[in-house]
Amino acid sequence: MKPPPFMRTIAAMKENRMNDLTTGDTATANATQNGMTRRGVLTAFSMAAVIAGLSPLDAFAQAASNTATAQKIANHFSSVKTMMGEFVQFGPRGEQTGGKFYIERPGKLRFNYEDPSPMRVISDGRNVVIGNMKLKTWDLYPLSKTPLSLLLSDKIDLSNQKVRNVKEESDLTTIVLGDKSVFGDSTITLMFDPKTFDLRQWTTTDAQNKDTTVMIFNVQTGVNLDERVFNINYEEVRRGG
């Protein structure tokens with residue numbers, strides 16, 4: 001599966017990968033050889049990032065002037081009640097995996113990673129589960145305690161200083177969000193098509209300042225999705241958790 005040509009993001013990925021290799025973090029690199037780890041998958045959906053070079057005062061000033069633009073895009077995004085498509089995920093060391101995703105508002109999501117990755121991410125509106133289908137191990141989190149609750153809510157509210165920065169370019173509109181109650185001291189960078197307001201990709205950065213980017217494409221909206229797509233087998237989770 002080939003990702004769409006977001007060359008600026010890929011170039012940034014390669015730079016991050018080179019930085020990581022110089023740290024000698026071979027243990028983590030070995031852990032990702034056979035596919036994404038559960039920690040890697042969680043990072044992709046933890047929506048944590050750090051804005052380089054922005055002081056809290058700068059962020060507050062930019063939020064005041066950019067919230068209206070960001071909210072307009074968020075209103076469009078939240079008006080899409082169902083969507084499905086393909087994704088490609090780039091980890092902080094350049095590892096790449098992909099698969100298919102399904103979203104139904106409010107609160108429901110499924111990411112199926114393609115082979116050889118055994119990972120699944122499912123939200124049924126109450127909880128989020130990250131599972132390794134090969135090892136039959138599962139991690140369960142309340143949806144309300146994860147940043148996914150923001151993007152999967154019926155209406156996305158970007159008030160209360162959630163918007164840290166908005167950058168409008170001819171080919172991309174970038175919104176940086178932060179909310180201490182959800183993100184802690186970190187943020188998520190969302191990238192939208194400036195004409196259609198469609199979400200194209202997001203980048204998260206963990207506490208070690210390492211990026212994970214998810215690109216989505218071949219997206220279909222307004223589709224009818226079988227409710228079983230978002231079912232979590234809680235009995236299996238209890239046995240394998």
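This is a predicted model: local features need pLDDT of at least 70, side-chain atom pairs count only at pLDDT 80 or more; totals for chains, interfaces and linings use all residues.
Which residue forms a salt bridge with Lys 81?

Residues are numbered from 1 along each chain as its sequence is written, and side-chain values use heavy atoms, with hydrogens and water left out.

**View 1. A salt bridge joins Asp 154 and Lys 81.** The partner of Lys 81 is Asp 154, and the closest N and O atoms of the pair are 3.0 Å apart. A salt bridge here is a side-chain nitrogen of Lys or Arg within 4 Å of a carboxyl oxygen of Asp or Glu; by this rule the count comes to seven. The pair links distant parts of the chain, 73 residues apart: Asp 154 sits in the loop between α5 (148–151) and β7 (163–168), and Lys 81 in the loop between α4 (56–79) and β1 (82–90). Helices (H or I, at least four residues) and strands (E, at least two) are DSSP runs, numbered from the N terminus. Asp 154 is partly exposed at 44% relative accessible area, and Lys 81 is also partly exposed, at 37%. For these labels, buried means under 20% relative accessible area, exposed over 50%, and partly exposed in between (1.4 Å probe, protein chains only).

**View 2. Arg 126 meets Asp 124 in a salt bridge.** The N to O distance is 3.9 Å. Arg 126 is exposed, with 55% relative accessibility, whereas Asp 124 is buried at 16%.

**View 3. Glu 235 and Arg 239 pair within helix α7.** Their side chains form a salt bridge of 3.3 Å, N to O. The two residues are four apart in α7 (residues 234–240), so about one helical turn separates them. Arg 239 is exposed, with a relative accessible area of 60%.

**View 4. Strands β5 and β6 form a hairpin.** Strand β5 (residues 127–132) pairs with strand β6 (residues 137–142) in the antiparallel sense over six bridges; two strands pair if DSSP finds at least two bridges between them. Asn 127 stands opposite Pro 142 in β6. Four residues lie between the strands, and Lys 136 in the turn has a positive phi of about 60°.

View 5. Gly 240 is buried, with 17% relative accessible area. Its C-alpha atom is 8.9 Å from that of Asp 139, a residue 101 positions away along the chain.

**View 6. The largest nonpolar core has 35 residues.** Those with the most contacts inside this core are Phe 111, Leu 177, Leu 190, Trp 202 and Ile 216. Helix α4 gives the most to the core, with four residues. A nonpolar core is a set of buried Ala, Val, Leu, Ile, Met, Phe, Trp, Tyr and Cys residues joined through side-chain atoms within 4.5 Å.

**Setting for the views. The protein has seven helices and eleven strands.** Of its 241 residues, 52% count as buried.
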